[in-house]
2 protein chains.
Amino acid sequence: MHRPWLVWSPGGYGNMKLDEDHFLGQILPRLQHATDLEVPPGDDCAAIRLDAHGDRLLLLAVDQVVAGTHYLYAETEPRLIGHKLLARNLSDIAAMGGIPRFALVAGGFPPDTQQERALAVMEGIIALAEAHHVAVIGGDVGRCPNEVLSLTIIGEVEREFVCRRNGARSGDLIFVTGVLGGSFPSGHHLQFAPRLAEGRWLAREKYATAMIDVSDGLFKDLQRILTASGCAAHLDPGDLPCRNGFSPQSALFDGEDYELLFTVSAERATALVREWPFDTALTQIGRITTDRSAGTIVDPAGREIGRIEQAFNHFSSNNSAQPSDGR
Amino acid sequence: MHRPWLVWSPGGYGNMKLDEDHFLGQILPRLQHATDLEVPPGDDCAAIRLDAHGDRLLLLAVDQVVAGTHYLYAETEPRLIGHKLLARNLSDIAAMGGIPRFALVAGGFPPDTQQERALAVMEGIIALAEAHHVAVIGGDVGRCPNEVLSLTIIGEVEREFVCRRNGARSGDLIFVTGVLGGSFPSGHHLQFAPRLAEGRWLAREKYATAMIDVSDGLFKDLQRILTASGCAAHLDPGDLPCRNGFSPQSALFDGEDYELLFTVSAERATALVREWPFDTALTQIGRITTDRSAGTIVDPAGREIGRIEQAFNHFSSNNSAQPSDGR
């Protein structure tokens, strides 16, 4: 999801002393909520009402990629770095049911960076932007010993279609697109296609009652839907669509899948499966309940699946492919 | 100005192999220009038309601060880093005559960063945001060996009031707010107040025919107005309002002043000076001509003042106070 503020310090990216929950606990109450803010910080995107009468919302989110954290500096084709940066942000627009429109890029490059490298990164951004009719409208560059790029995405969505994460209700079925797990070792994290068409369709057809994109691992991102919606979930790890060669454990805890995770009312689930117009896999993986405290995920035997700490630290403990070349 | 794209690789920030002009020459033609883009990349902000009939434009810009480039990591109070980051962006809104509304922040912090430091940086952003009724609506954090923060600012302006840099005409007088030079050694670059009220007033009263904020040095930023407007300028360095203890040379070439540089028709200049409602100093420093090629700046004797190369490299050659602690 890489939502504004709720991805602050994902523990999966190293042993930062910054504690996400504590940090957000301090910051979120300090933020002024503008009167025309339809969706405040804490979802995949913030949403702004453009005018009092209008039906259109502006979607805004920012995300970054850092050498050594999100990719290996020397080993990664620069075009793919640009692709990943924009794709991560497009995935946030997809999870809100929106249409991406504009992007601004800020880059910090080591002083000895060759022009060809920076251009190739931009080419990766521009190629994906063109494919989705996104206009790159601004940028800035600075000298930075460690390569780092941030991108702000601006999209739009009709107010009646905007998908949030707080709409899941008891009895809803839980679906996920694509396959999960092993995004880093498989290279998926660099080459994935953001699920824009799928997210838009789910929003316009009003199938999704809550939606998020899976970026910090299914377990953690599902918990975010559950917490926001005040629900729990039943999940059978055996039902998870695993990437070839990867375990349900990977599917549950690995990050950077960038698939859509969403809930659908039981009444409409059959129609969803029947009408689903995409080649993208669609898998029902569980259902929403209220018989546990919000955020809890239990297996068919009623046992809690994993623990939050696992989700926070899954890269460092379970995933040897995490980039660590800090350049 | 730190305009989208035209601040790409300011040479003042080190001997980057990335060449600004060459890089932009490659990138700008590749960018799609959305049909609803009123001001394309290359001004202080890009401006988007929100709807076909509406009069409001959305202003967007991104800017960043990097430890060792824009501030010294160990020596700088973290609140001031946050203040500077937002203030730089507010200065871009000011230069367009706009009103700032929303901000998104992305931060890369070293793994051993104390929570207190990150919170203090955010406090600096939030305090200035509150003072200007700006809502911080999104953020992201990553682990990065070198501290780096980028901020995207979203503002608005009426189409009839938007100030660009391409409106200077022969005979216009050139004005600048405040005093110039020595921003790094004086500490001004960390504590300045963005000229939002002044920029807004100049736009609404339609005094400014072209406007930019002085971030890469008066010489270079004036050249940008001249190049965009197809004009030259007469300037007497002796007329420049110098910060106490700093020379006209500093006022001409030092960066990060964040004052407003603008042109006014000769007919309205007297009224401008009479009506100017601010305590901020207002100084006429020259006039626009067309008797030289666009971008040329000459002194009263007709000699070209400095050279572009000086403006590109002024920090590294002239300013010993440039931050270089790369942490």
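Me: A charge sits over a ring if NZ of Lys or CZ of Arg is within 6 Å of the ring centre and within 35 degrees of the ring normal. Which ring does the charged end of A:Arg268 sit over?

Reply: That of A:Tyr207, with 4.0 Å to the ring centre. Chain B has such a case too: the charged end of B:Arg268 lies over the B:Tyr207 ring, 4.0 Å from its centre. Bear in mind that this is a predicted model, where local features need pLDDT of at least 70, side-chain atom pairs need 80 or more, and totals for chains, interfaces and linings use all residues. Side-chain values use heavy atoms, without hydrogens and water, residues count from 1 along each chain as its sequence is written, and chains (from A) and ligands (from 1) follow the order in which they are written.

Me: Is B:Phe278 buried or partly exposed?

Reply: Buried means under 20% relative accessible area, exposed over 50%, partly exposed in between (1.4 Å probe, protein chains only). B:Phe278 is partly exposed at 21%, while B:Trp201 is buried at 16%. B:Phe278 also pairs with B:Trp276, edge-to-face because the planes stand at 70°, with the centres 5.0 Å apart. B:Trp276 is buried, at 11%.

Methods
Phe/Tyr/Trp six-rings, centres within 6.5 Å; stacked < 30°, edge-to-face > 60°.
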